Amino acid sequence: MTDDEFRAALSRLAAGVVLITAQEPPLDEHGRGEDVGMTATAFMSVSLDPPLVMVSLRNDSRMDDLLAEQPLWAVSVLTESQRHIAGRFAMKGRISDRLLFEDIPYIRGEIAGAPLVGGALATLECRTEQRVLAGDHTLVIGRVLTASLPSADGEPLAYFKGRYRQLG
């Protein structure tokens, strides 16, 4: 099996799209750390008791490096109208995360301090419970500390065959 065959086969699995966010620790005691964000489709519920979720991060990515030292992070489940947010945080060789957050409405999570996207279908704040190396990725399992439903309207943003899609 080739890498292309593997990618093609798994591109047929529809996935929800989330924005994973965290705040880098401040460089000094007077500042706030920079916000970091990453689009993810490899995200899932793991357990109800205790409430656990999992995200798969490419090894040595900025988010993987950050979550190795910062145990608090957040998840925003994106709506189909937030496709631009997903695309922005999925860019390779992108500009600084500070500029990426600039015109996106968000609030700060009370526990993680990370951005929670306004109008998302759901938001979660998590604390890392376990990190599992799996090939070229790290599976980060987080305990859900808060969960909210900021937007009762809207349909989820999905990813299928290498593109963002709408349901229905």
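Is threonine 39 buried or exposed? Threonine 39 is buried, with a relative accessible area of 15% (buried means under 20%, exposed over 50%, partly exposed in between, using a 1.4 Å probe and protein chains only). Keep in mind that this is a predicted model, where local features need pLDDT of at least 70, side-chain atom pairs count only at pLDDT 80 or more, and totals for chains, interfaces and linings use all residues. Residues are numbered from 1 along each chain as its sequence is written, and side-chain values use heavy atoms, with hydrogens and water left out.

**The sheet**

- Seven strands make an open, antiparallel sheet, in the order S3-S2-S6-S9-S10-S5-S4 (strands are DSSP runs of E, at least two residues, and helices are runs of H or I, at least four, numbered from the N terminus; two strands pair if DSSP finds at least two bridges between them).
- At the edges sit S3 (35–40) and S4 (43–47), each pairing on one side only.
- On average, neighbouring strands here are turned by 35° against each other, direction ignored (axes are lines fitted to C-alpha atoms, for helices over the stretch in contact, and angles run from 0 to 180 degrees between N-to-C directions).
- Strand S5 (residues 52–58) is joined to strand S10 (residues 137–148) by seven bridges; leucine 57 has threonine 138 in S10 as its bridge partner.

**The helices on the strands**

- Helix H2 (residues 62–69) lies across S2, S3, S5, S6, S9 and S10, and it runs at about 50° to S2.
- Helix H3 (residues 83–90) lies across S2 and S3, at about 110° to S3.

**Around threonine 39**

- Threonine 39 belongs to strand S3.
- A polar atom of the threonine 39 side chain lies 2.6 Å from the backbone oxygen of alanine 86, and one lies 3.5 Å from the backbone nitrogen of alanine 90.
- Leaving aside neighbours within four places in sequence, its contacts (heavy atoms within 4.5 Å) include Val17, Leu19, Phe89 and Tyr164.

- Most residues other than glycine have a negative phi, and most peptide bonds are trans.
- The bond from aspartate 49 to proline 50 is cis, with omega near 5°, and proline 50 is in the loop between S4 and S5.
- Aspartate 60, in the loop between S5 and H2, has a positive phi of about 65° although it isn't a glycine; aspartate 60 is exposed, at 64% relative accessible area.
- Lysine 161, in the loop between S11 and S12, isn't a glycine either, yet has a positive phi of about 50°; lysine 161 is partly exposed, at 43%.

Terms used:
A polar contact is a pair of N or O atoms within 3.5 Å; within protein, one must be able to donate a hydrogen and the other to accept it, and residues adjacent in sequence count only if both atoms are side-chain atoms.
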